[in-house]
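Student: Hi! I've got a new structure open and I'd like to talk it through with you. Can we look at it together?

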Amino acid sequence: MNRRISAKIFPTIVAISLLLILVSDAVDSSILFKDAYAIEEFDIAVDIEDNEIKRGDTQHMTVTVFNADTDKRVSDADVKLTVYPPESDSTSAEDETDDDGEATFDVKIDDNAETGNYDVDVRASKDGYDTKTTSTSFDVVGSSDDNDDDDNYDGYDDDGHSGSS
C-alpha cells in the first residue's frame with residue numbers, strides 16, 4: 001500500500017519541482033527570497049579625542065556601532081580600526097563592541113612618528129549585518145617634549161651640561 005501512494009505522489013513532486021525551477025528562472029530570485037534572510041545595515045560613529053595630537057601621546061578613539069534602521073546600539077559587533085601614517089605602513093587593532101555598542105582604542109603615537117595627517121578606517125561586521133567601513137583622520141604634530149619657546153634656552157641641557165662641546 002505504501003508503494004502505491006509513493007508511486008502516485010512521485011509525478012506530482014517532480015511536476016512541482018520543475019515548476020519551481022521554471023519560475024525561479026523566469027523571476028528574479030532575489031524577489032522570491034528577499035525576506036528569507038534580511039541583512040541589516042550599520043551606522044558607525046567615530047569619536048577621536050584629539051584632532052591634533054603630539055608625538056609621544058596616546059590617541060583615544062571610541063567607535064559606536066548603531067543599527068541604521070532603529071538607531072539602537074549594536075553589541076558584539078567586530079570592529080577593526082586601521083591607522084595609516086603619511087609615509088609608512090598601517091597599523092591595525094580589533095575589538096568587539098560592548099553592551100553599549102562601543103569599542104575603544106588607545107593608539108600610542110611613537111616619539112619618532114611622522115608628523116602629518118593620519119587616515120583612519122573603521123570596519124564593523126556582525127552576522128545578519130552588511131559589513132560597513134567609514135573613514136576619518138587626525139593630525140600628528142611635534143613632540144610633547146618639544147620646547148616651542150627658544151627664548152628661554154640658557155645654553156645648558158636638562159643635566160646642566162653646556163650645549164657646546
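Student: Which residue in E7 is the bridge partner of Leu81?

Tutor: Val122 is the partner of Leu81 in E7. Keep in mind that this is a predicted model.

Student: How do E4 and E7 run, and how many bridges join them?

Tutor: They run antiparallel, and 7 bridges join E4 to E7, which covers residues 116-125.

Student: What actually holds paired strands together?

Tutor: In general, strands of a sheet pair through backbone hydrogen bonds, and the pairing can be parallel or antiparallel.

Student: OK, and how does E4 pair with E5, parallel or antiparallel?

Tutor: Antiparallel, over 6 bridges, with E4 at residues 78-84 and E5 at residues 91-96. One example is Val79, whose bridge partner in E5 is Asp95. The link from E4 to E5 is a hairpin of 6 residues.

Student: So what's the order of the strands in that sheet?

Tutor: The order is E2-E8-E7-E4-E5, an open sheet of 5 strands with mixed pairing. At the edges sit E2 (52-55) and E5, each pairing on one side only. From one strand to the next, the twist averages 30°.

Student: Let me zoom out. How many helices and strands does the chain have?

Tutor: The chain has 2 helices and 8 strands.

Student: Which residues touch the most other members in the largest nonpolar core?

Tutor: Those are Met61, Val63, Val65, Leu81, Val83 and Phe138, in a core of 24 residues. E1 (42-48), E3 (58-67), E4, E6 (102-108), E7 and E8 (132-143) each supply at least two of the core residues. E7 gives the largest share, 4 residues.

Student: Why would nonpolar side chains be buried together?

Tutor: I can only give you the general pattern: in soluble globular proteins, nonpolar side chains tend to be buried together.

Student: Let me pick Val83. What is it in contact with, leaving aside neighbours within four places in sequence?

Tutor: Val83 is in contact with Met61, Ser90, Thr91, Val107, Tyr118, Asp119, Val120 and Phe138. Two of those, Met61 and Phe138, also came up in the list of core residues that touch the most other members.

Student: New topic: how many salt bridges are there in the whole structure?

Tutor: The search finds 2. In one, the side chains of Asp43 and Lys132 meet at 3.5 Å, N to O. Asp43 is in E1 and Lys132 is in E8, so this pair links distant parts of the chain, 89 residues apart.

Student: Is that Asp43 buried or partly exposed?

Tutor: Asp43 counts as partly exposed because its relative accessibility is 31%. Lys132 is partly exposed too, at 29%.

Student: What about Arg73, which residue does it form a salt bridge with?

Tutor: Its partner is Glu102, and the closest N and O atoms are 3.0 Å apart. Arg73 lies in the loop between E3 and E4, while Glu102 is in E6, 29 residues apart. Arg73 is partly exposed, with a relative accessible area of 43%, and Glu102 is partly exposed at 26%.

Key: Residues numbered from 1 in each chain as written. Predicted model: local features only at pLDDT ≥ 70, side-chain atom pairs only at ≥ 80, totals over all residues. Heavy atoms only, no water. Pairing = 2+ DSSP bridges. Axes fitted to C-alpha atoms, helices over the stretch in contact; angles between N-to-C directions. Core = buried A, V, L, I, M, F, W, Y, C linked by side-chain atoms within 4.5 Å. Buried < 20%, exposed > 50% of the residue type's maximum accessible area, 1.4 Å probe, protein only. Contact = heavy atoms within 4.5 Å. Salt bridge = Lys/Arg side-chain N within 4 Å of Asp/Glu carboxyl O.
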